[in-house]
Amino acid sequence: MFERLETKSVDKAGLVEKAKELRQDSYRLIQLHCVKTVTEMFLIYSFEKMDYEVVHYRMDVTEGETLPSISSVYTHACLYENETNELFGLNISGMAIDFKGTFYETAKNHAFTDIVNPQDKKVSKS
Amino acid sequence: MGKRTVVPFGPQHPVLPEPIHLDLVLEDEKVVEAIPSIGFVHRGLEKLVEKRDYQEMAYVSERICGICSFVHGHGYCETLEGLFQVEVPDRAKFLRIMWGELSRMHSHLLWLGLMADAFGFESLFMQAWRLREKILDIFEQTTGGRIIHSVCKVGGLWRDVPEDMLKKIVETLEGMEGELQELANVFLKDYTVQKRTQGLGKMSAEEAFECGAMGPMLRGSGVAMDMRGLGQSGYEHLKFDPVVEQGGDCYARTNVRIREVFQSIDLIKQAIGLMPEGSIENKVKGSPEGECLVRMEQPRGQVIYYAKANGTRHLERFRVRTPTFANIMPLLNMLPGCDLADVPILVLTIDPCISCTER
Amino acid sequence: MSYLPKSPWLVHYDASSCNGCDIEVLACLTPLYDVERFGVLNIGNPKHADIFVVTGSVNEQNRSVIQNIYNQMAEPKVVVAVGACASSGGIFRECYNVQGGVDNVIPVDVYVSGCAARPEAIIDGVVQALGVLEQKYEESKKKGAETSHV
């Protein structure tokens, strides 16, 4: 009954091409977000069609990496990209609007990059 | 070509209940460009998953926003139920629908009031908020809270609603319909209101879809997309058709929201009619594991929850993409070309919820 | 007895609140609670206001905004912190971007508890603030009298 998250994979080089292809296919970008855990770091791009059909693309990245922006295909992607840039420290080149790290203007830069190992906390919590 | 001026709009502005800042580049009275800056409300609550366990996070996610608090709590619980692969009992599903639709009514009435305030119709603002108090009374009777309800938990609900109270709710809502109709008439038929809303902020169906508009913004432009139509979490048992208007302007979006208020009354009546007896919770055991992404319809549009867990009591990542975040781009597309005096109406037409956006 | 507390004007700012307390502040003005019948007005201009109602906690960006609004208000002025977040940071206290209650930036005279604060509690807080306002006014008058004698 629940949509378990099924992702297709895409890589840095093919990202913009893929986005163009999806736009041709009348998909729109509904969100992108970054996930960083102790072992991995990746981005998830979600696209949907007018008939509610949705696809998710997963792209593995490393910290501090420079990625291409898809805002040339979907302009509103730049808002998500600025957010990712500011909270996760990923550099994204060619954004339609570049806030240069002042999107949220947080007290701490790249706040989501330092991960507290969940194992440590399990002990303190009964 | 006129002289260019930059006018700062916000963060503290009489028309805005919440802080957003826009730098408006004007040419005489016309807006040429709008540059947003946000972050006045950014708290970073997604990061709290490291400090709060998955049950406590239900309370945190309710406080993403005080207007859609129930819907956020509900969305979070559904995402976690997806991780646990637990289905909630039917009674709980219908109660959640009831509260969800009540939230939609109170959110839309609140918005109608603020909209009236934005074009300077003070008494209409008061009327809309007076009606909204009746919904808040129902919330207070059934959950104990006016704004923050804390009634959802992972696997079900904290409290049930007795049968006679359900009957009372239907009676109250039926009693409201006449007053709502009066309110709707002013919004839709009044000459001065029409003057301020018609033809303003035009968006075609294609534009709206492409730039990522959600909810009433999208449906006001003639795209019939409503995540309730996915047939999830109990909506599959209800008769439901998305409300669509073709106009694509502020008037059409107001109309969508007004019609959705009446639709919500209908959905609540259906849900209460179908509500079976029985338990309201399927207990969850252990800790969540895996990845889940849920799309839902909030009063303001589609919302996306994402959770990733690794078998401990703390989630690894929790992410919410709220409807207002998606609706910022349509706003930026609508602003150029409008008059300075129309900026408050255009800002309000997306039904901005800044604390949702920035979390 | 001054006429100042007869018709106090409020300026409201949402620091980084979840909206819950904000709409309750607004709900105080609408027909069910209707504080406007007592002469309380919510206005947008800090220079006209006597009471500064703040909801939500302080973060990096709104620090200067709160300070700015406070500085623009004319003396005597009273600050009311509405809700758990404005008082101490509340549930978001441990967030990386939250620096705690409003009293980190400006002096607070009245704290209103609750998450979200109920309209009754907010009205009660404003009434308490009137007492403080009166007191501040008397003090400033006394001070003014002393300096004018010298």
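View 1. In chain C, 80% of the contacts with a separation of 6 or more join residues 24 or more positions apart. The model shown is predicted. Buried residues account for 49% of the 150 residues of chain C.

**View 2. Fold of chain C.** Four helices and five strands make up the secondary structure of chain C. Along the sequence their order is β-α-β-β-α-β-α-β-α. Chain C has a radius of gyration of 16 Å, close to the 15 Å from the globule rule for 150 residues, so chain C is as compact as a globular protein of that length. Its C-alpha trace spans about 55 × 35 × 25 Å along the principal axes.

**View 3. Fold of chain B.** Chain B contains 12 helices and eight strands. Its radius of gyration is 20 Å, close to the 21 Å that the globule rule gives for 359 residues, so chain B is as compact as a globular protein of that length. The C-alpha trace of chain B spans about 70 × 45 × 35 Å along its principal axes.

**View 4. Interior of chain B.** Of the 359 residues in chain B, 60% are buried. Among chain B contacts with a separation of 6 or more, 69% are between residues 24 or more positions apart.

**View 5. Where chain B meets chain C.** Here 35 residues of chain B contact 31 residues of chain C. On the chain B side, the elements giving two or more residues are α1 (57–62) and α4 (122–143). The largest share, four residues, comes from α4(B). By residue class, the chain B side divides into 19 nonpolar, eight polar and eight charged residues.

Note on methods
Residues are numbered from 1 along each chain as its sequence is written. Chains are lettered from A and ligands numbered from 1 in the order in which they are written. This is a predicted model: local features need pLDDT of at least 70, side-chain atom pairs count only at pLDDT 80 or more; totals for chains, interfaces and linings use all residues. The radius of gyration is taken over C-alpha atoms; the globule rule is 2.2 Å times the number of residues to the power 0.38. A residue is buried if 20 or more other C-beta atoms lie within 10 Å of its own, exposed if 12 or fewer, and partly exposed in between; C-beta atoms are placed from the backbone. Two residues are in contact if their C-beta atoms, placed from the backbone, lie within 7 Å. Ala, Val, Leu, Ile, Met, Phe, Trp, Tyr, Cys and Pro count as nonpolar, Asp, Glu, Lys and Arg as charged, and the others, Gly among them, as polar.
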